[in-house]
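Colleague: I would like to learn how to read a few features of a model such as this one, taking the general idea before the particular case. Could we go through it together?

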Amino acid sequence: MTARPTLQSLQTRYANQSTLLWDEGDIVSAQPSRHLRLLGTHGEEYKPIKLDQWAAKVSAQLAKLNRPLPRLRRLGHQIVTMRATLEPLDDTAFAEHLRTQAQQSRLHYSVQSTRISAHDIAAFSTVSEAVRRINGFRPHLEQLIGALGLLEGSIVEMATGEGKTITASMAAIVSAWRGLPCHVVTSNDYLAARDCEINQTLFALCNVSAASLTGDTEPAARGPAYAHDIVYTTAQNFLADHLRDDLALKGQKERGHVALRAARNFGTVGGSGVVQQGVHQVIVDEADSVLIDEAVTPLIISAPHPDDLLESAARQSILICRALIADSDYTLDSTLRTVELTRAGRTKVYTLAQEAGPFWQRRDRAEELVQLALYATHLMNRDEHYVIEDGEVVLVDELTGRLARSRTLSLGMQQVLEASLDLDISPPSEVRARLSFQRYFRRLPKIGGMTGTAKEAQGEFAGVYGLKTVPVPTHKKVQRTHMKRRVFRTQAEKMRAVAHDALALSDANRAVLIGVRSVQTSAALHEAFLAIAPDRAISVLNAVNDAQESSIVALAGKAGAITVATNMAGRGTDIKIDPAVHETGGLHVIIAETNDFSRIDRQLVGRCARQGDPGTTCSYISMDEEVMRRFLPKYLAAIWSTQYRSGRGLSQFARLMVWVAQRRAERLAFAQRKSSLESEISSEKGTI
């Protein structure tokens with residue numbers, strides 16, 4: 001456990017350079033920095049803004065010209081050579097070497113340095129030897145390359161099963177030795193607690209302390225948790241604590257000095273409630289999910305603010321909505337998921353609103369509420385976008401398929417959706433602070449990330465965050481076989497075929513993992529299994545808690561196992577196959593429902609054939625599945641229908657159709673993220 005810091009030591013620790021801290025637009029001169037964003041302070045954007053798709057592509061191409069992999073491979077070989085000289089040391093001599101190396105790292109680190117130094121190479125060789133002594137294996141060259149890339153501030157692409165957990169822990173230890181805070185951001189609370197726990201023995205040997213900080217961590221324990229050298233947490237917890245600290249520091253004079261005093265006392269100084277103790281090196285696990293998919297969603301700190309008028313208005317909006325006629329009074333766009341009143345519809349709303357009371361007399365307010373009601377009624381699908389749990393609406397994360405219990409819809413939409421379902425109306429909330437993950441991570445001084453699917457998003461990583469991508473090769477040759485795509489006219493036909501084929505593979509002692517998009521589809525597939533083999537045990541994962549989810553996925557490699565899961569279920573958990581499964585061909589992965597983004601399909605495919613194991617994968621496509629209905633142009637859908645009737649070259653043609661639909665989906669998502677970020681930046685500038 002790290003000793004309680006003194007104010008003098010903190011000021012010395014962070015006073016290598018003078019900088020400026022922004023306090024709600026007022027510049028405050030301060031010393032404690034080393035390019036550090038102290039708790040609650042607002043900094044200007046660090047990263048350049050290159051949000052146009054063309055600019056993002058140019059950024060990606062320029063990043064390719066500066067290929068870091070050959071250089072990092074050379075450095076990795078140096079670490080391997082230096083590590084060999086440490087193996088003969090006994091435990092006492094190695095412990096002394098550890099202490100000396102940690103001191104050297106702290107003394108010689110410069111925040112101006114953007115590349116790995118000779119002292120970092122020595123530090124990595126020491127940590128690598130520590131891993132061998134604790135875990136009984138030597139980190140392989142590819143893991144060392146990944147750790148070097150993380151510490152240097154890059155997005156590292158490492159395939160599933162390549163040992164990203166130990167890679168992140170090595171980078172975190174070397175970062176902690178530099179004497180500045182290191183935060184490892186994972187995708188959920190379970191992984192944050194698990195990764196921290198399994199590395200505790202290694203951290204203790206390396207003389208660094210580590211703690212996990214989850215949604216269950218009590219407020220009084222959050223300050224002490226941030227006092228550790230390494231903190232494992234989630235993006236939601238990380239940003240929420242930043243916003244709460246910011247609220248606690250509002251109105252404080254000399255915010256930087258207050259923050260330092262709070263750090264000294266674990267957040268208890270003057271009742272300030274500040275818990276974070278500065279941010280320097282941040283390592284993001286599943287970086288594509290955190291920095292791309294979820295980055296636009298704002299995190300909001302709010303407080304309940306009951307409003308009887310809004311509750312009544314929400315119920316009235318549903319009554320008016322049900323009186324409107326599709327196409328005549330409103331139009332729906334399922335691709336963009338938008339609804340718009342026609343001229344006739346606006347007139348009808350105005351007429352009906354006259355009888356609804358004073359609140360409805362403003363025409364713009366009436367139209368806005370009715371449009372929310374139309375969206376909730378026609379574009380929010382139960383068991384796809386939300387579920388009902390104990391009489392309450394619980395949102396479903398569309399990318400992961402997990403329940404997002406801490407998330408609610410924006411003001412008005414949540415109440416209207418509840419009214420449409422005849423549920424109790426929850427009180428609206430008053431927003432006290434908000435910030436998107438995209439904006440927050442752009443502010444951080446040093447950030448690295450890792451994921452199995454960075455290639456597709458490398459332009460956005462470069463354009464939005466200024467981060468280059470390092471593709472790390474697999475340690476062993478990939479033994480994965482891609483089978484011919486299977487094409488069906490309807491979803492029902494496809495589900496029956498998936499169930500039949502999975503059962504046949506299970507009977508042959510194979511292990512089968514089936515990826516679907518939604519709760520709704522997983523239920524439909526389970527029904528298909530029951531119709532064919534009602535007595536067979538099928539594991540179905542759809543929006544369960546992370547700990548249970550990961551433990552079930554970990555068993556998906558057993559002989560004869562069939563596991564149906566949302567595509568991101570158990571992400572971060574390796575599927576180890578039985579010897580019997582290895583002999584019969586390895587894990588078989590079925591993509592039962594095409595995703596909007598190709599990298600999510602690739603993430604699912606990566607679950608098989610890990611670390612040189614055999615494995616197979618196959619995609620099942622139906623002409624009526626969501627990605628085709630929403631994103632395939634109508635003229636191509638017509639051509640595909642003709643091609644299907646001919647029965648010739650279906651697999652190749654389906655591949656082209658999927659490519660077109662996913663490219664359109666990705667362009668639309670990119671445009672939405674671009675618009676959201678630009679709007680947030682413009683809005684904040686307008687308030688300064």
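Predicted model: local features only at pLDDT ≥ 70, side-chain atom pairs only at ≥ 80, totals over all residues.

Colleague: Let us begin with a helix: which elements do the buried residues of α21 pack against?

Modeller: An α-helix has 3.6 residues a turn, so residues three or four places apart point the same way. In α21, the buried residues are Val519, Thr521, Ser522, Leu525, Ala528 and Phe529, and these buried residues pack against α20 (491–507), β19 (511–516), β20 (539–541) and β21 (562–566).

Colleague: What span should helix α21 have, and how far apart are its end C-alpha atoms?

Modeller: At 1.5 Å a residue, the 14 residues of helix α21 (residues 519–532) should span 20 Å, and the end C-alpha atoms are 20 Å apart, which agrees.

Colleague: Where is glutamine 276 placed, and which side chain does its own side chain meet in a polar contact?

Modeller: Glutamine 276 lies in the loop between α12 (255–264) and β7 (281–285), and it is buried, with a relative accessible area of 3%. Its side chain makes a polar contact of 3.3 Å with the side chain of tyrosine 226, and a polar atom of that glutamine 276 side chain lies 3.0 Å from the backbone oxygen of phenylalanine 238. The C-alpha atoms of glutamine 276 and arginine 222, which are 54 residues apart along the chain, are separated by 8.1 Å.

Colleague: How many disulfides does a search of the whole structure find?

Modeller: A disulfide is a covalent bond between the sulfur atoms of two cysteines. Here the search finds zero disulfides; cysteine 196 counts as buried at 4% relative accessibility, and cysteine 206 is buried at 0%.

Colleague: Finally, in what order do the strands of the open sheet run?

Modeller: Strands of a sheet pair through backbone hydrogen bonds, either parallel or antiparallel. In this case three strands form an open sheet in the order β11-β12-β13, with antiparallel pairing, and the edge strands, β11 (386–389) and β13 (403–404), each pair on one side only. β11 pairs with strand β12 (residues 392–396) over four bridges, and glutamate 389 stands opposite glutamate 392 in β12.

Technical notes: Residues numbered from 1 in each chain as written. Heavy atoms only, no water. Helix = DSSP H or I, 4+ residues; strand = E, 2+ residues; numbered from the N terminus. Expected span 1.5 Å × (residues − 1). Buried < 20%, exposed > 50% of the residue type's maximum accessible area, 1.4 Å probe, protein only. Contact = heavy atoms within 4.5 Å. Disulfide = S-S within 2.5 Å. Polar contact = N/O pair within 3.5 Å; in protein donor to acceptor, adjacent residues only side chain to side chain. Pairing = 2+ DSSP bridges.
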